[in-house]
Amino acid sequence: MKAIIFDASTLISFAMNGLLDELRGLKDLFDGKFIITKEVKKEAIDRPITIKRFELQAMQLKTLFTEKVLELPKSLDVDDKLITEDAKDLVNSANKIFYGKNRKIEIIHLGEAECVALSKILTERKIPNLLAIDERTMRMLCEKPGNLRNLLERKLHTKITVKKNPEKIIGNCVVIRSAELVYMAYKKGLIKLKGNMVLDALLYAMKYKGCSISEKEIQEIKSMDRKKQFIK
Amino acid sequence: MQEVDNVLRIFEESRLAIEDGNGSTLRSLSDQTINTASRTQDPDNIATAVIVYALSKIIEREDYRNQEGWENFYNNLINLIDKTIKAIKEKKEFLVKKNLEAMRKEINNLSGNLKKYIGEVFRKASVNKASRIYAHGISQEKTAKLLGITIWELQDYAGATNVSEDPEAKTITVRQRIKCMEDMFK
C-alpha cells in the first residue's frame, strides 16, 4: 500500500481549474490511496458547499469522496483521534519555532498539521507516502525551514530567531504540488486537449489558482518535457 | 492590543485622509499595519488593516454617496473613528475593541443596495489583507482563520499575486519533486 495525502490547497487548485476528472484519472493509475484528513475535508468540501460561490466545485469534490477517489485515513486503519492528537502537538510545536521581537510567530493551523501528522504515522508504519500541498508556508516548513525563516525576516523587517528544531517537529516529508500532478496527468495522456501549448496552459492555470510554483519552475518542467519528447 | 502607538497613528492619519477623500493614503496606512498583524496576529491590528482598507475603497466610490443611508453610515463611521482614537489615548482597550466591532457592524444598519455594496467591500478587504499576511509567510489556513474567510477565497486571490515568485519559495528542484512522484506512481 502507498498513499498521497492531499492538503485542501491542492484539491482547490484542481477544483477551481475544472480538472477533477484528471485527478480521478490519476487515481485510477495509482496503485494506492488518495487520502484527505477530517479537517481537510471540512475546508475543501463541508464548508465551501454551504457557500454559493464555491458550492458547485465543493459538490464535485464531494462526488470524488463518495466515489472513494478521495478517502479518509481510516481506510488505511489510521484512527482520526490519533491524527488529531498528533496534529495538535505538531501545531503547538511548529508555532513555537520562529520568534520575532521575543514573540512566537504562529505559522500553521490544524488542517495543514493533520497532513504532516498523517504522513509521519504512515512513514512509521512503513507505508510510502507523499504530501500534495500547493500552499507555500507548509511546504517550505517541510522542505527548507531555513528559507521560511529568511522569508519571515525579509517580509516582517524583523530579526527572526529559531527556537526549536523544525526537522525534529516535521520529520522528512516529501511534497508535490498540483503542478507536478497535472504534469503527470499530461504525460499519461489524461488531458483531452491537444496541442503544443497544453502543458504551458495547465501549469499556468494551477499557478494562477494558487499553486505555489514560480515562472522559472514552470519553464523547467516544460524543458524537461521537451527533452523527454526529443529522446523519444 | 499590540503596538498601540502605531494603531493610534494609523487612525489619526486615516481620519485626515477620509476628510481629504484620499484613498491611496488610506491603502498605504492599511499596509503599514500588515507587518504587526502578520507577526502578532493581534485581532485589533487585523481589524484595523481591514477597516482602513475598506474605507479606502468606500470613499473612492462617489456613487455610494447618492444611495439611501449613506449620510448616516458615513457620519457613524467618522464618529466611531473619533471614539477609537479617544479610547486608545485613554488606554481603554475594551472600548477600542468595542468600537472596532461597531465599525464592522455598521453594515448591518444599512439596507438595500448600499448594504450589499459595502458588505462586499469589507469582504474583499478581508481577502486582500489575508493575501498580504499569507505573502508574509503565514500559512493559508492560519491566515484564512484569522480573517474569517475560506481558503478558497484566499487561494483564488493569492494565485494572481507574486507570492510564488519569492526566491525563498524554491526549496527543492522540480526535477527532484517529479522524480519522487514518478517513483510513487510506478
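In chain B, 61% of the contacts between residues at least 6 apart in sequence join residues at least 24 apart. The model is predicted. Chain B holds ten helices and zero strands. Its pattern along the sequence is accordingly written α-α-α-α-α-α-α-α-α-α. The C-alpha atoms of chain B occupy a box of roughly 65 × 35 × 25 Å along the principal axes. Chain B has 186 residues, and 45% of them count as buried.

Chain B touches chain A. The contact draws 39 residues from chain B and 59 residues from chain A. On the side of chain B, two or more residues each come from α3 (34-40), α8 (140-147), α9 (151-158) and α10 (174-185). The largest share belongs to α10(B), with eight residues. By class, this side of chain B comprises 15 nonpolar, 13 polar and eleven charged residues.

The buried residues are Q140(B), E141(B), K142(B), T143(B), A144(B), L146(B) and L147(B). Just after α8(B), G148(B) adopts a positive phi of about 70°.

The crossing of α1(A) past α3(A) is right-handed. On the α1(A) side, the contact involves A8(A), L11(A) and I12(A). These residues meet V40(A), E43(A) and A44(A) of α3(A). By class, the contact has five nonpolar residues, no polar residues and one charged residue. An α-helix has 3.6 residues a turn, so residues three or four places apart point the same way.

Chain A also contains strands. Strand β1 (residues 3-6) of chain A is covered on both faces. A3(A) and I5(A) lie on one side, I4(A) and F6(A) lie on the other, and all four are buried. In a regular strand the side chains alternate between the two faces of the sheet. β1(A) pairs with two strands in the parallel sense. Three bridges link β1(A) to strand β2 (residues 33-35) of chain A. Four bridges join β1(A) to strand β6 (residues 129-132) of chain A. A3(A) takes part on both sides: it stands opposite K33(A) in β2(A) and opposite N129(A) in β6(A).

A further sheet in chain A is open and has three strands. The order is β5-β4-β7, and the pairing is antiparallel. β5(A) and β7(A) are the edge strands, each pairing on one side only. β4(A) and β7(A) pair over three antiparallel bridges. Within this sheet, G100(A) stands opposite I160(A) in β7(A). Strands of a sheet pair through backbone hydrogen bonds, either parallel or antiparallel.

K101(A) lies in the loop between β4 (98-100) and β5 (103-104) of chain A. Its phi is near 50°, a positive value in a residue other than glycine. H157(A) lies in the loop between α8 (145-156) and β7 (160-162) of chain A. H157(A) likewise has a positive phi, of about 50°, although it is not a glycine. With 9 other C-beta atoms within 10 Å, H157(A) is exposed, since the cut-off for exposure is 12 or fewer.

How values were computed: Residues are numbered from 1 along each chain as its sequence is written. Chains are lettered from A and ligands numbered from 1 in the order in which they are written. This is a predicted model: local features need pLDDT of at least 70, side-chain atom pairs count only at pLDDT 80 or more; totals for chains, interfaces and linings use all residues. A residue is buried if 20 or more other C-beta atoms lie within 10 Å of its own, exposed if 12 or fewer, and partly exposed in between; C-beta atoms are placed from the backbone. Two residues are in contact if their C-beta atoms, placed from the backbone, lie within 7 Å. Ala, Val, Leu, Ile, Met, Phe, Trp, Tyr, Cys and Pro count as nonpolar, Asp, Glu, Lys and Arg as charged, and the others, Gly among them, as polar. Two strands pair if DSSP finds at least two bridges between them. A crossing is left-handed if the near helix is turned anticlockwise from the far one by less than a right angle, and right-handed if clockwise.
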